[in-house]
Amino acid sequence: MLQIQKLTKRFGDKLAVDTANLMIDKPCMIGIIGRSGAGKSTLLRMVNRLAAPTDGAILFEGRDVTALTGHQKRMWQSQCAMIFQQFNLVPRMDVVSNVLHGTLNRRSTLSTLFNLYPADDIHRAIDILERLGIAEHAPKRAEALSGGQQQRVAIARALMQDPKIILADEPIASLDPMNAQTVMQALRRIHEEDGRTVIANLHTLDTARRYCDRVVGMRDGRIVFDGLPEQLTTGVAREIYGASADFSEAATSTEIETLDKSHTGATRPSAATVPAE
Ligand SMILES: Nc1ncnc2c1ncn2[C@@H]1O[C@H](COP(=O)(O)OP(=O)(O)O)[C@@H](O)[C@H]1O
Ligand SMILES: [Mg+2]
């Protein structure tokens, strides 16, 4: 499905991503972990073509998407929607318009006014918000919502594009543990129910273990681990995060695990429901 071959990004002397290979042959949920500066964001940005690779190739369903330009490039970008740590919503605009922005590559500024959207698109936006448990916030300004709700609006906006792949760059890094859990559950559910591939950069190890089918570890631009969450032992984690004295499981953990365990006793979340707020 998605194949990353010897993908490399150089900034001056710095190798941000160093001959990365990744093969995804069926829809899955992948967590990319590693220290700050390991190259996680650059890797995702190259897949989405926000950053141009220095070398290597990205193939999707057998087609080389590395050098697409113009309309073709935009079509590819809508198939691999990106979600960011800071949500990237328009704060003063209402939620449903933010979501409708996901359909908006070609419209004029005037037609971005709410009542000029096709009714079908508006209904679809509301359905998606409903699914994410935030439909009642549709008329509110985005800035009035909590961080976790705003990230779900960003996910809804991504879903409007009906993407095959969702690329999430530290989607929960700005959220408190409860909101982080809600957002990760929403991503997990979108993967399970829709069969979309989710690739999420996560700086905490336990989140990757908990929600992902596969974990990729990066260090100094290189992929140094690619395997199942079960294979991610403390020894492997040391290799990924560096064996320096400051490494400890706790240092890369959030409180989510503790919270989860105290509530459900589960090791992997049930993706069936997203709690309403
Ligand atoms: N636009 C840029 N210009 C120069 N260096 C960059 C740029 N973006 C990232 N880097 C460098 O590339 C490396 C990888 O960065 P990044 O992909 O952001 O890592 P991560 O997301 O894992 O924290 C870092 O050393 C960073 O300083
Ligand atoms: Mg990053």
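**A sheet, a helix pair and a ligand shell**

Helix α8 (residues 234–241) lies across β3, β9 and β10, running at about 160 degrees to β10. Contact means C-beta atoms, placed from the backbone, within 7 Å. Axes are lines fitted to C-alpha atoms, for helices over the stretch in contact, and angles run from 0 to 180 degrees between N-to-C directions. Helices (H or I, at least four residues) and strands (E, at least two) are DSSP runs numbered from the N terminus.

This is a predicted model: local features need pLDDT of at least 70, side-chain atom pairs count only at pLDDT 80 or more, and totals for chains, interfaces and linings use all residues. Residues are numbered from 1 along each chain as its sequence is written, while chains are lettered from A and ligands numbered from 1 in the order in which they are written.

Now the sheet. Six strands form an open, mixed sheet in the order β6-β7-β8-β3-β9-β10. Its edge strands are β6 (80–84) and β10 (222–227). Pairing requires at least two DSSP bridges. β3 (residues 29–33) and β9 (residues 214–219) pair in the parallel sense over four bridges. I33 has G217 in β9 as its bridge partner.

Next, two helices. α4 (residues 119–131) and α5 (residues 147–160) pack at about 135 degrees, with axes 9 Å apart. R124, A125, I128 and L129 in α4 meet A156, L159 and M160 in α5.

Last, ligand 1. Its surroundings include F11, K14, G34 and K40; near means a C-beta atom, placed from the backbone, within 6 Å. α1 gives the largest share of this shell, three residues.

Terms used: Contact = placed C-beta atoms within 7 Å.
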